[in-house]
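Thank you for making time this morning; I would like to walk you through one model, going from its overall layout to a few local backbone details. Please keep the view open while I talk.

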Amino acid sequence: MISGNEERDNENLEINLLIRAVKEKYGYDFSGYSRASLKRRIKKSLSESDADSISSMIHRIIYEKEYFHNLLLNLSINVTEMFRDPGFFRSIRDEVIPVLAELASIRIWHAGCSTGEEVYSMAILLKEAGIYNKCQIFATDFNQVVLEKAKEGILPIGNLKESTRNYQKSGGRGSFADWYTARYDFAVMKSVLRKNILFADHNLVSDEVFSQVDLVMCRNVLIYFDRPLQNRVFKLFSNSLSHGGFLAIGSKETIHFSSITDEFEKFSTKQKIFRKKI
Amino acid sequence: MKDRHFSCVVIGVSAGGLNALTVIFHGLSADFPIPVVVVQHEKSDSEDLLAELLNYKTDLCVKTAEEKDTIEGGVIYICPANYHLLIEENRTLSLSVDPRVNHARPSIDVLFETAVSAYGKELIAVILTGASSDGSTGLRQVMDNDGYAIVQDPATAYSRIMPEAAIKACRFPDEIVPLEEVSARLNDLCRKGYSL
């Protein structure tokens, strides 16, 4: 009989091999991801597929593209909701947007946008502030499947109640229902919100900077990365931002342990919104 | 009789949690040597006041868990609302916004399962009052890996659903203890040289 420790070590070995296979075969590098979450996601994929071990998943990853793409989807989806953390969006509305409004044109980058809830939330704020038309919004993710979903702008109908409540709590003055069209069991975000959004494939782990962005939104993505990878991504953000540009991260994320911490100042007292020093 | 050495306590609690945690933390000795990591189900939009409230009730340091925190003895870590709390094998904390598990985020199962990977048989897991069955699967895994399982006596629970589900799932935990005695048991189990 093998001990609990040995079982765990064997599993870790399998996971390391899986990460290596994915990287060598397909170019996606998960080695800098926090291990506990990654392991849970791999095991979830295992339980949903008919493979009987992580080792046999590796075989299928190498030989079956479709199998790999299903795994990739499991490894990349971050569940999010419209106006998640309403207090955050209130700060964007009340504090950040008035500053952006002064600019002749505005470039916004949603990094790791997943299925796009946050992108549409932001688009609504920009519309309501009357500055949407001078905005160019980049919404990026490394997974094509979630990007396609983001493009469609579809919300499950079950989420509408919470979304509406969040919208109101975030200081929304209009009616959230004005921004979507309800269908049978889902809602579609209005196409006017999508007009200035460019959805694009971009991997924070391996791809390069955007240029002269005025606001980077990247919330609850960095918590999945280890410190070295976090640092890489923070540098990417800093290099992408114009001076005076804003960096918005998740409420439980921090720039303090990164090498860019001196390049930024705290902008919002309550929210994790920073501003690149001029 | 054999010497057991424990390195971490994980606690899962839901409905009635503030009172239960207050009673337990108040009773933990000031020199309680190992870390305590807590998942308490909360409304997704609640502010993280729990740690602040509980800090007044104990000599130990209570803080809201932050990602990459190194887990230290004598510190009580409380999961922030609307995140899962995970323990890495290098004994640091991680947060995630992965989908709800058992309709819950944070989920007790997520904490317990990852704690098992990190601590194995050096883990004590405690299920307290609550109105869901979250934590049952995790507690079962704790026992399967020779960790130590304690469940609050349902008769002393504000809501008996969660402790009853846990007892049923792992039939039977190492101990079923009235709320008032949980802290004393933890103090004993973590005393140096204590033999079971």
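This is a predicted model: local features need pLDDT of at least 70, side-chain atom pairs count only at pLDDT 80 or more; totals for chains, interfaces and linings use all residues.

The centres of domain 1 of chain A and domain 2 of chain A, taken over C-alpha atoms, are separated by 29 Å. Domain 1 of chain A covers 4–76 and domain 2 of chain A covers 86–276, and these bounds come from an automatic or database domain assignment. As for labels, residues are numbered from 1 along each chain as its sequence is written, and chains are lettered from A, with ligands numbered from 1, in the order in which they are written.

How do the two domains meet? Nine residues of domain 1 of chain A are in contact with eleven residues of domain 2 of chain A, where a contact requires that the C-beta atoms of two residues, placed from the backbone, lie within 7 Å. On the domain 1 side, the element that gives the most is helix 4 (residues 65–76) of chain A, with three residues. By class, that side of domain 1 of chain A has four nonpolar, four polar and one charged residues; here Ala, Val, Leu, Ile, Met, Phe, Trp, Tyr, Cys and Pro are counted as nonpolar, Asp, Glu, Lys and Arg as charged, and the others, Gly among them, as polar.

Taken as a whole, chain A has nine helices and ten strands, which are DSSP runs numbered from the N terminus, helices being H or I over at least four residues and strands being E over at least two. The C-alpha atoms of chain A fill a box of roughly 65 × 50 × 30 Å along the principal axes. Among contacts in chain A between residues at least 6 apart in sequence, 78% join residues at least 24 apart.

Turning to the interface, the contact takes 21 residues from chain B and 14 residues from chain A. On the side of chain B that touches chain A, the elements giving two or more residues are strand 5 (84–87), strand 6 (93–96) and helix 3 (108–119) of chain B, and the largest share, three residues, comes from strand 6 of chain B. That side of chain B has seven nonpolar, six polar and eight charged residues.

Between strand 6 and helix 3 of chain B there is a loop that holds B:P106, and a cis peptide bond with omega of about 5 degrees joins B:R105 and B:P106. The loop between strand 6 and helix 3 of chain B also holds B:N102, which has a positive phi of about 50 degrees although it is not a glycine. B:N102 counts as partly exposed because it has 17 C-beta neighbours inside 10 Å.

Finally, is helix 4 of chain B mostly covered or mostly uncovered? Helix 4 of chain B is mostly covered, with seven of its nine residues buried, among them B:L139 and B:V142. What covers these buried residues includes helix 3, strand 7 (123–127), strand 8 and helix 5 of chain B. Helix 4 of chain B is followed by B:D146, whose phi is positive, near 65 degrees, and B:D146 lies in the loop between helix 4 (136–144) and strand 8 (148–152) of chain B. With 14 C-beta neighbours inside 10 Å, B:D146 counts as partly exposed.

Note on methods
A residue is buried if 20 or more other C-beta atoms lie within 10 Å of its own, exposed if 12 or fewer, and partly exposed in between; C-beta atoms are placed from the backbone.
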